[in-house]
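Please look at the sequence and the structure before reading on.

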Amino acid sequence: MTYSKEWETIVGRFGRWIDFKNDYKTMDCNYMESVWWAFKQIYDKKLVYRGSKIMPFSTACNTVLSNFEAGSNYKDTKDPALYVTFPLVDEPGTNLIAWTTTPWTLPSNLACAVNPDFIYLKVLDEEKDKTYLIAEARLKDVLKQTNIKKHKILEKIKGKELVGKRYTPLFNYMDHMKETCFKVIEGKFVTKDTGTGIVHCAPGFGEEDYNACIANGLVTTGNVPMPMDDDGRFLPMITDYAGQHFKEADPGIMKDLKEKGRLVSSGTIVHSYPFCGRS
């Protein structure tokens with residue numbers, strides 16, 4: 001409290017009016033105890049629960065970043081851009097197709113989200129004899145990006161009719177969750193601006209993914225797979241890439257997907273992405 005009077009003078013000069021004589025300080029014991037008391041009342045009424053929140057994270061500094069920190073340091077960077085298939089279990093030969101610029105999140109995929117209000121097309125690639133589900137509004141761009149030259153529209157389907165359909169996962173790392181996961185869920189956040197109209201969801205790595213998977217009962221708070229340590233290296237459960245930094249794992253993941261026949265096309269994209277300003 002050595003300089004408290006100087007502080008009062010400066011605050012007054014700012015034109016900020018405070019009742020200094022009847023103030024409280026967060027270091028005062030009676031203030032702390034009043035907060036504890038208020039929290040206890042809320043707790044006793046069962047209005048408090050332990051939750052999780054997806055936050056920007058700096059693997060170089062081993063710490064979360066505020067949204068402001070991440071949001072104020074966007075930089076143009078080159079990333080992979082992949083189109084990946086998710087074959088439907090009950091419709092052999094028909095594949096959901098999703099676009100991603102983060103291959104390192106694919107081992108943690110638990111769901112694919114569609115917008116229930118969109119129209120989706122069942123599209124046959126006549127040259128490769130493969131059938132894909134794509135949002136009608138995204139068809140032109142997807143055909144161009146995936147180099148599909150000859151196609152045929154087989155069926156139109158409302159997004160809500162796809163909800164609940166199960167698909168074959170890309171990897172087997174999350175097999176312990178197959179009873180509830182690896183299915184199509186509803187996601188109003190899915191837009192017509194980019195991608196295919198189908199979004200791959202890895203709830204440990206994206207706020208919208210997390211919220212959608214929680215809302216659809218695929219995962220519960222405190223039970224969300226996030227198989228990476230604070231240095232950004234895969235944990236042992238991701239057996240093929242254990243110990244690798246997530247960005248270093250990108251080429252291996254892409255090679256693996258190609259060998260499995262799940263990679264429709266790959267390229268690169270230069271886009272604006274948030275970086276840690278300290279590292």
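In which strand is Lys-122 found? Lys-122 is found in strand S6 (residues 119–125). Helices (H or I, at least four residues) and strands (E, at least two) are DSSP runs, numbered from the N terminus. The model is predicted: local features need pLDDT of at least 70, side-chain atom pairs count only at pLDDT 80 or more, and totals for chains, interfaces and linings use all residues. Residues are numbered from 1 along each chain as its sequence is written, and side-chain values use heavy atoms, with hydrogens and water left out.

Lys-122 counts as buried because its relative accessibility is 11%; buried means under 20% relative accessible area, exposed over 50%, and partly exposed in between (1.4 Å probe, protein chains only). Contact means heavy atoms within 4.5 Å.Six strands form an open sheet with mixed pairing, in the order S8-S6-S7-S4-S3-S11. Strands S8 (151–158) and S11 (263–274) stand at the edges with a single partner strand each, so one side of each has no neighbour in the sheet. From one strand to the next, the twist averages 30°. Two strands pair if DSSP finds at least two bridges between them. Strand S3 (residues 74–87) pairs with strand S4 (residues 94–100) in the antiparallel sense over six bridges, and Phe-86 stands opposite Leu-96 in S4. Helix H7 (residues 246–259) packs on the sheet, where H7 touches S3 and S11, and the direction of H7 makes about 25° with that of S3. Axes are lines fitted to C-alpha atoms, for helices over the stretch in contact, and angles run from 0 to 180 degrees between N-to-C directions.

**Helix H6**

In helix H6 (residues 207–215), the buried residues include Asp-209, Tyr-210, Ala-212 and Cys-213. Strands S5 (111–114), S9 (183–186) and S10 (198–201) are among the elements that cover the buried residues of H6. Just after H6, Gly-217 takes a positive phi of about 75°.

**Spaces in the model**

On a 1 Å grid over the protein atoms alone, a cavity is a set of points where a 1.4 Å probe fits but cannot get out, and a pocket is an open set with protein on both sides within 12 Å along at least five of seven lines; lining residues have an atom within 4 Å of a point. Grid points are joined across faces, edges and corners, and a volume is the space filled by probe spheres set on the points. Ala, Val, Leu, Ile, Met, Phe, Trp, Tyr, Cys and Pro count as nonpolar, Asp, Glu, Lys and Arg as charged, and the others, Gly among them, as polar.

| Space | Volume | Lining by class |
|---|---|---|
| Second largest pocket | about 260 Å³ | five nonpolar, one polar, five charged |
| Largest cavity | about 40 Å³ | seven nonpolar, one polar, no charged |

The lining of the second largest pocket includes Met-1, Trp-7 and Lys-25, while that of the largest cavity includes Leu-106, Asn-109 and Phe-182.
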